[in-house]
Amino acid sequence: MGLSMELFSSKYIRGKLKSDISYTAFDEESHQLEATFDITDTVLSAPVFGWSKKTGKQGEARIAINFENKLIIDVPEFSVKTTGLDIHGKADYAFDGSGLEKVKFTKVAIGRTNMKGALIPKPSGGWEAGFHGPAFDLSPIWKDIMVDDTAEKADHPFLDGLTLAAEFKKIWLDDVKSLHDVSGTFVRADNLWRTVLMSSRAGDDAYFDLQIQPRADGRRNFSMHANNAGEVFKVLDLYPNMIGGKLRIMGVYHDAQPGQPLKGNIVVDDYKIINAPALAHVFSIMSLTGILEALQGQGLVFNKLNIPF
C-alpha cells in the first residue's frame, strides 16, 4: 500500500487479529476489498504520541481498498478505534500505478492529541506532513527536541525523514505545562532535528520563537527569543524564580563532536529575581536587609544576565 512495513513491525503491532474480509469483483478490472478487524487481543504502540494499547481492551479497525487492473487506485476509508485512539481517513493513489500519493486524516485523536492533516511520501524516503487542530501532545518527544543528544535518542523511525508543517492552539510539553498558538516547521534527518522554525505563546503576554537551522559547515545554529523570559523559563521548566526580562539565546550545535554539544550564550535584559534561596542566604549573612526584603517581595531588579554555555 505504499507504507513502510517497519510501521507494522512487532514493536508497534503484535498479538491476535480477528478479521472479517470480503472481496467483490464488479467486473474483470474493478475489484474492492473490505475488511474489519477485531483488535481486542492486539497490542498496539505509538511511541511518538506516548500511547499504547494492551491486550484485552476492545477495539476495531476497518479498511476498504479499490483495485483497477490489479492495482490499488484508492483507499476510500480506513479507521482504527479503541480506548484513547480514534483515527479516520483515506488514501489517494496515482492513476499510473506508481503508488501512494497522499494519506488524508479527517480525525486523529490519540490521548491528548486532537488533529487532522495529511502525509505525502517523499521520493527519497520519509514524509511531508501537514497537521493542525486544537491540541498536540509533544511531551513524548519534547526532550528529544530540546536536548538533541544521540546518547539518549528515542527510537522513533517514523520521525526520521519527516518534514512537518504544524499549527495548533495548544501543544502539551508535559503533564501540566503547555504552549499556545503554536505554528512551525520541523525537519528531521539522520536522527537530528535539522530545522525547527517555531513561534508560540507561553502565557498571556509571553511570546517566543525557537529556531534550529543548518549551516554550510555542517553544524546547526540555535536561537530563541522571548519578550518575557521568566514566563518562558517556567513553562520550559528551566528556572522558576525570574519575572519578566527580554531573552536571547544564541548557540551552535557542534555536530561533528560526540553528543553534538550546543555552545553559545544566554542573555536576559531587565528582569527580576524572587524567592532565590541561595541569594537570600548570602544577603542575610551580609545583613543586607533591604535587598533581602526585595528578593522576598516584588523581586530584586537586574539589568543584564549573560551566561555562556
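**Figure 1. Salt bridges across the predicted model.** A search of the whole structure, which is a predicted model, finds 14 salt bridges. Side chains of opposite charge can pair when their charged atoms come close. Among these salt bridges are those of Asp-137 with Arg-112, Asp-255 with Arg-194, and Arg-248 with Asp-269. The views that follow take up these pairs in turn.

**Figure 2. Close-up of the salt bridge between Asp-137 and Arg-112.** The closest N and O atoms of Asp-137 and Arg-112 are 3.3 Å apart. Asp-137 counts as buried because its relative accessibility is 9%. Arg-112, with a relative accessible area of 27%, is partly exposed.

**Figure 3. Close-up of the salt bridge between Asp-255 and Arg-194.** In this pair the closest N and O atoms are 3.9 Å apart. Asp-255 is located in the loop between strand S17 (242–253) and strand S18 (262–273), and Arg-194 is part of strand S14 (residues 192–203), so the two residues tie together parts that are 61 residues apart in sequence. Asp-255 is buried, at 14% relative accessibility. Arg-194 is partly exposed, its relative accessible area being 22%.

**Figure 4. Arg-220 within a network of salt bridges.** Asp-255 and Arg-194 also belong to a network of salt bridges that links Asp-190, Arg-194, Arg-220 and Asp-255. Arg-220 is found in strand S16 (residues 220–226). With a relative accessible area of 1%, Arg-220 is buried. The side chain of Arg-220 makes a polar contact of 2.8 Å with the side chain of Asp-255. A polar atom of the Arg-220 side chain also lies 2.8 Å from the backbone oxygen of Trp-193.

**Figure 5. Close-up of the salt bridge between Arg-248 and Asp-269.** The side chains of these two residues meet with an N to O distance of 2.8 Å. Arg-248 lies in strand S17 and Asp-269 in strand S18, and the pair links distant parts of the chain, 21 residues apart. Arg-248 is partly exposed, with a relative accessible area of 29%. Asp-269, at 15% relative accessibility, counts as buried.

Figure 6. S14 and strand S15 (residues 206–214) run antiparallel and are joined by seven bridges. Two residues separate S14 from S15 in the hairpin that they form. Val-196 has Ile-212 in S15 as its bridge partner. S15 in turn pairs with S16, in the antiparallel sense and over seven bridges. Here Gln-211 has Ser-223 in S16 as its bridge partner. The hairpin of S15 and S16 has five residues between the strands, and in this hairpin Gly-218 takes a positive phi near 90°. In a regular strand the side chains alternate between the two faces of the sheet.

**Figure 7. The open sheet of S1, S4 and S5.** Three strands form an open sheet in the order S1-S4-S5, with antiparallel pairing. Strand S1 (13–15) and strand S5 (51–53) are the edge strands, each pairing on one side only. From one strand to the next, the twist averages 10°. S1 runs antiparallel to strand S4 (residues 42–46), and three bridges join them. Gly-15 has Thr-42 in S4 as its bridge partner.

**Figure 8. Surroundings of Glu-68.** Glu-68 has its place in strand S6 (residues 59–68). Glu-68 counts as partly exposed because its relative accessibility is 26%. Leaving aside residues up to four places away in sequence, Glu-68 touches Glu-29, Ser-30 and Ile-73. Glu-68 and Gln-32 are 36 residues apart in sequence, while their C-alpha atoms are 8.9 Å apart in space.

**Figure 9. Confidence of the prediction.** The protein has a mean pLDDT of 85, and 84% of its residues reach 70 or more. Over residues 1–9 the pLDDT is below 50, and this stretch has 19 contacts in the model beyond near neighbours in sequence. Residues 278–295 also have a pLDDT below 50, with 18 contacts beyond near neighbours in sequence.

Definitions and conventions
Residues are numbered from 1 along each chain as its sequence is written. This is a predicted model: local features need pLDDT of at least 70, side-chain atom pairs count only at pLDDT 80 or more; totals for chains, interfaces and linings use all residues. Side-chain values use heavy atoms; hydrogens and water are left out. Helices (H or I, at least four residues) and strands (E, at least two) are DSSP runs, numbered from the N terminus. Buried means under 20% relative accessible area, exposed over 50%, partly exposed in between (1.4 Å probe, protein chains only). Contact means heavy atoms within 4.5 Å. A salt bridge is a side-chain nitrogen of Lys or Arg within 4 Å of a carboxyl oxygen of Asp or Glu. A polar contact is a pair of N or O atoms within 3.5 Å; within protein, one must be able to donate a hydrogen and the other to accept it, and residues adjacent in sequence count only if both atoms are side-chain atoms. pLDDT is the predictor's confidence in each residue, from 0 to 100. Two strands pair if DSSP finds at least two bridges between them. Axes are lines fitted to C-alpha atoms, for helices over the stretch in contact, and angles run from 0 to 180 degrees between N-to-C directions.
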